[in-house]
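Hi,

Here is the structure I promised to send you.

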Amino acid sequence: MATAPVLETSSPPVAEPPAGPPKKGILSHWRLYAAISPFYLLFLAFGLIPVGFSLYLSFHRWDGLGSMEFAGLSQYRYLISDTQFWNSIGNTLVIWALATIPMIFLAMVTAVMLNSAVRFKNVYRFAFFLPNVTSIVAVAIIFGSVFSTNFGLMNALLQAVGLDQVAWLNTPWGIKVAIATLMTWQWTGYNAIIFLAGLQTIPGELYEAARMDGAGPVQTFFRITLPLMRPVLLFVLVISTVTGLQTFSEPQVLLQTTDNNSSFAGGPGHSGQTMVLYFFQQTFDNNDFGYGAAVAWGIFLVVIIFSIINWRLVQRRGED
Amino acid sequence: MASIKFGTRSGTSGTRSGRGIKGDQRRGVALHLSLIIGLLLSVFPFYWAVIMSTHSSTEIFSYPPKLLPGSHFLENVRSLLDNIDFFGSMFNSLLVATSVTFLVLFFDSLAAFVFAKFQFPGRRGLFALMMAIFMVPAQLQAIPQFVIMANLGWIGSMTSLIVPAAANAFGIFWMRQYMKSAIHDELMDASRLDGAGFMRQYWHVALPVVRPGLAFLGIFTFMGQWNDYAWPLIALTNPDNVTLQVALSQLNGVHGTTDYGMVMTGAVLALIPLLIVFAIGAKQIIADLGKGAIR
């Protein structure tokens with residue numbers, strides 16, 4: 001760091017150990033504890049207590065106002081047989097796959113191209129990153145118009161090439177494709193920047209050596225680039241899984257007007273309702289705080305299961 | 001795609017013999033063409049939103065779609081201002097994002113300084129606990145948080161957004177990593193010999209050195225808060241006193257099917273402050289994001 005302040009006494013390490021604070025009791029460190037306390041106090045008030053309370057709540061029936069009524073395991077039993085919850089799990093996974101697979105592929109291609117382009121690299125990176133910093137609400141409004149049945153750009157394109165129009169936001173697959181397209185658009189550049197940083201750590205000599213040995217570009221990519229990129233690839237996969245399983249804002253803004261009773265319904269037939277949307281619907285539209293808490297724990301379980309799958313994938317690949 | 005890469009890579013590394021310059025040029029053109037297509041795909045939705053914000057809804061509903069600016073922008077702005085308290089909610093967003101950013105910068109860097117440079121009983125345990133907290137999904141906290149806020153009387157006010165966000169695990173972790181390498185131990189020892197106390201060390205030794213790290217965290221926090229949607233949607237129960245994102249969503253929900261020009265105008269205007277912040281900090285953000293991921 002060039003801007004480091006110069007202290008006159010920045011002497012070379014002295015032989016005699018620096019007069020660090022002698023080991024005293026915990027109390028002598030009170031300044032340090034005070035300095036880290038804000039985070040832990042906030043966590044206690046808005047993190048730990050809430051999590052404990054939501055566990056307690058999931059065993060009770062409560063509308064948020066009246067008195068709580070003990071319900072035992074009945075809400076969890078209902079959750080297991082709740083077809084709408086299972087439907088929301090399926091929706092979440094389909095949307096996640098539709099968004100993540102093309103996104104990772106496109107991001108990798110973009111990163112590889114950016115890694116070799118010399119000129120305008122900063123312009124490209126700026127433009128590719130732009131979708132990610134814009135608010136999901138604005139983006140969802142814009143994509144709502146792109147996929148609108150009546151005047152949307154997609155249908156105009158289809159019409160221009162002589163194909164039938166699609167009621168994107170009215171059909172189960174149309175809804176999922178629209179949400180996934182939005183997510184792909186918003187996250188490809190972000191992940192490309194991360195991949196690019198990974199690519200830049202691969203020493204150029206490796207490529208030179210591979211070419212000397214007569215390896216073609218495709219072979220080089222699969223034998224050198226991809227294996228060395230595995231940690232970064234897995235980082236991106238893990239992050240996209242955790243965030244993708246908690247998708248909320250995109251379908252909420254896109255589909256909030258499709259149901260008169262709930263802005264969290266997720267479109268006709270709930271076909272765009274993700275797990276978190278279902279949680280919001282149960283909790284804040286139906287005022288079923290107890291069941292909402294059970295749904296939240298169900299979501300947590302799904303996220304954990306997929307995190308473990310991710311982790312196992314990392315482990316197995318690592319042993320090869 | 002890989003072929004494009006390796007073709008030009010060798011051309012730029014300076015170790016190239018004269019062979020195949022024409023092929024390299026052709027590949028370079030193909031490369032830039034693909035990148036430009038990607039660039040257009042990234043930017044086009046913004047362009048389309050700006051174009052729609054200048055048209056009346058009758059124009060928007062007609063075929064073929066409008067791709068050039070119209071003349072109804074001011075009209076759209078007027079009906080936007082009639083329908084939502086645009087500047088009031090923008091003020092709320094600025095208030096929340098700015099307060100949270102400064103609180104986060106102070107609390108996170110202070111805690112990070114402690115974790116990076118000091119030894120004390122319970123240090124590892126407390127740090128591990130913090131990283132575990134990182135993993136708890138927000139939904140588990142949403143209901144009780146709502147109940148707690150309601151009991152504190154914060155529901156409906158910006159306090160309910162600012163206070164819980166005032167310190168976070170990500171920022172502490174990020175700043176700790178940064179401080180570990182950026183603040184040299186000799187510097188710490190020297191300042192201690194000079195008799196500097198803890199706060200003086202934090203303020204005069206640590207902070208000046210980690211300014212770039214603070215810049216990243218600050219911009220990142222500001223943008224995250226500006227764009228936050230799910231929690232404000234729940235916590236801000238008074239529809240007349242909301243943040244910009246919630247106001248936009250109301251606009252889309254209530255008027256979306258009828259007056260798209262106005263809704264688009266709102267979406268476009270709401271992007272401007274964010275784009276300014278991003279334009280200022282883009283280089284830092286893009287560089288640090290990559291560094292953070294491959295660390």
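**What I found**

Residues 289-309 of chain A are 100% helix and 0% strand, with end C-alpha atoms 30 Å apart. A helix here is a DSSP run of H or I with at least four residues, a strand is a run of E with at least two, and both are numbered from the N terminus.

Before going on, please keep in mind that this is a predicted model: local features need pLDDT of at least 70, side-chain atom pairs count only at pLDDT 80 or more, and totals for chains, interfaces and linings use all residues. Residues are numbered from 1 along each chain as its sequence is written, while chains are lettered from A and ligands numbered from 1 in the order in which they are written.

That span is among those that UniProt, in an unreviewed entry, annotates as "transmembrane region" in chain A; residues 228-248 are also on the list. Such positions are given in the numbering used here, feature names are shortened, and annotations may be inferred rather than shown by experiment. Residues 228-248 of chain A are 81% helix and 0% strand, and their end C-alpha atoms lie 34 Å apart. Chain A as a whole has 12 helices and 2 strands, in the order α-β-β-α-α-α-α-α-α-α-α-α-α-α from the N terminus.

For chain B, the unreviewed UniProt entry lists transmembrane regions including residues 29-50 and 202-223. Residues 29-50 of chain B are 100% helix, with end C-alpha atoms 30 Å apart, and residues 202-223 of chain B are 95% helix, with end C-alpha atoms 26 Å apart.

How many residues of each chain meet at the interface? In chain B 92 residues are in contact with 91 residues of chain A (contact: C-beta atoms, placed from the backbone, within 7 Å). Helix H15 (residues 260-294) of chain B gives the most to chain B's side, with 14 residues. That side has 63 nonpolar, 21 polar and 8 charged residues. Nonpolar covers Ala, Val, Leu, Ile, Met, Phe, Trp, Tyr, Cys and Pro; charged covers Asp, Glu, Lys and Arg; the others, Gly among them, are polar.

Finally, look at Phe195(A). Leaving out residues up to four places away in sequence, Phe195(A) touches Ala107(A), Met108(A), Ala111(A), Met229(A) and Val232(A).

Happy exploring!

Key. Contact = placed C-beta atoms within 7 Å.
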